[in-house]
Amino acid sequence: MDKKEKKPNQNNSMFLYTALIFLVALILIILAFFGKINRPNSVPVPEPTEDVQSLTADDIDKMKNEINTLNSQLSTYESLLTANSYTAAMNYEEAKSIISNIDENSLTEEQKILYDQIINIINSEMED
């Protein structure tokens, strides 16, 4: 047998693999084509409701002010949380530096309670 001659079984298996790959590619192309046909061109945008249409510039300004207020409260809570974490880790100097940056007059009642508790812990531990 010559080296150039190949066994017929090898040729059949290569033909089967090639045919299988071609068949899978053909199926994917067909599925992609029909998927594109059945898909809507664009998603319809709903019409604005009466509530949205009736908003005025004053209403938008009020909402912006509320958002700014909520962001400042969130920032204060984050500072209090960080100070509390340093207090729990017994790093009282860091906690004191963070809590000193908070304006005590601008705190809400809940924030004031947290602020006072952190200050009391820092003061009691710094005295010891």
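At 63% relative accessibility, Met 90 counts as exposed (over 50% relative accessible area; buried is under 20%, partly exposed in between; 1.4 Å probe, protein chains only). This is a predicted model: local features need pLDDT of at least 70, side-chain atom pairs count only at pLDDT 80 or more, and totals for chains, interfaces and linings use all residues. Residues are numbered from 1 along each chain as its sequence is written, and side-chain values use heavy atoms, with hydrogens and water left out.

**Overall make-up**

- The protein chain has five helices and zero strands (DSSP runs numbered from the N terminus: H or I, at least four residues, for helices; E, at least two, for strands).
- Read from the N terminus, the order of elements is α-α-α-α-α.
- The protein chain has 128 residues, and 11% of them are buried.
- Take the contacts (heavy atoms within 4.5 Å) with a separation of 6 or more: residues 24 or more positions apart account for 54% of them.

- Met 90 sits in the loop between helix H3 (57-88) and H4.
- Its phi is positive, at about 60 degrees, although Met 90 is not a glycine.
- Most residues other than glycine have a negative phi.

**H3 against H4**

- H3 and H4 pack with their axes 7 Å apart, at an angle of about 165 degrees (lines fitted to C-alpha atoms over the stretch in contact; angles run from 0 to 180 degrees between N-to-C directions).
- That angle makes H3 roughly antiparallel to H4 (over 145 degrees; under 35 is roughly parallel, 65 to 115 roughly perpendicular, the rest oblique).
- On the H3 side, the contact is made by Ser 79, Leu 80, Thr 82, Ala 83, Tyr 86 and Thr 87.
- On the H4 side, Tyr 92, Glu 94, Ala 95, Ile 98 and Ile 99 take part.
- Seven of the residues in this contact are nonpolar, three are polar and one is charged (nonpolar: Ala, Val, Leu, Ile, Met, Phe, Trp, Tyr, Cys, Pro; charged: Asp, Glu, Lys, Arg; polar: the others, Gly among them).

**H4 against H5**

- Helix H4 covers residues 92-100, and helix H5 covers residues 109-127.
- The two pack at an angle of about 140 degrees, and their axes are 10 Å apart.
- That angle makes H4 oblique to H5.
- H4 contributes Tyr 92, Glu 93, Ala 95, Lys 96 and Ile 99 to the contact.
- These meet Tyr 115, Ile 118, Ile 119, Ile 121, Ile 122, Glu 125 and Met 126 in H5.
- The residues of this contact divide into nine nonpolar, no polar and three charged.

- Thr 87 belongs to helix H3.
- Thr 87 counts as buried because its relative accessible area is 6%.
- Neighbours within four places in sequence aside, Thr 87 is in contact with Tyr 92, Ala 95, Ile 118, Ile 121 and Ile 122.
- Tyr 92 and Ala 95 are among the H4 residues that meet H5, and Ile 118, Ile 121 and Ile 122 are among the H5 residues in that contact.
- Gln 111 belongs to helix H5.
- Gln 111 is also buried, with a relative accessible area of 1%.
- Residues up to four places away in sequence aside, Gln 111 touches Gln 73, Thr 76, Tyr 77, Leu 80 and Ser 106.
- Leu 80 is also one of the H3 residues in the contact with H4.

**Salt bridges**

- The structure holds two salt bridges (a side-chain nitrogen of Lys or Arg within 4 Å of a carboxyl oxygen of Asp or Glu).
- One joins Glu 104 to Lys 112, with the closest N and O atoms 2.4 Å apart.
- In the other, the side chains of Asp 116 and Lys 112 meet at 3.4 Å, N to O.
- Asp 116 and Lys 112 are four residues apart in helix H5, so about one helical turn separates them.
- Together, Glu 104, Lys 112 and Asp 116 form a network of salt bridges.
- Glu 104 is partly exposed, at 37% relative accessibility.
- Lys 112 is partly exposed, at 27%.
- Asp 116 is partly exposed, at 31%.
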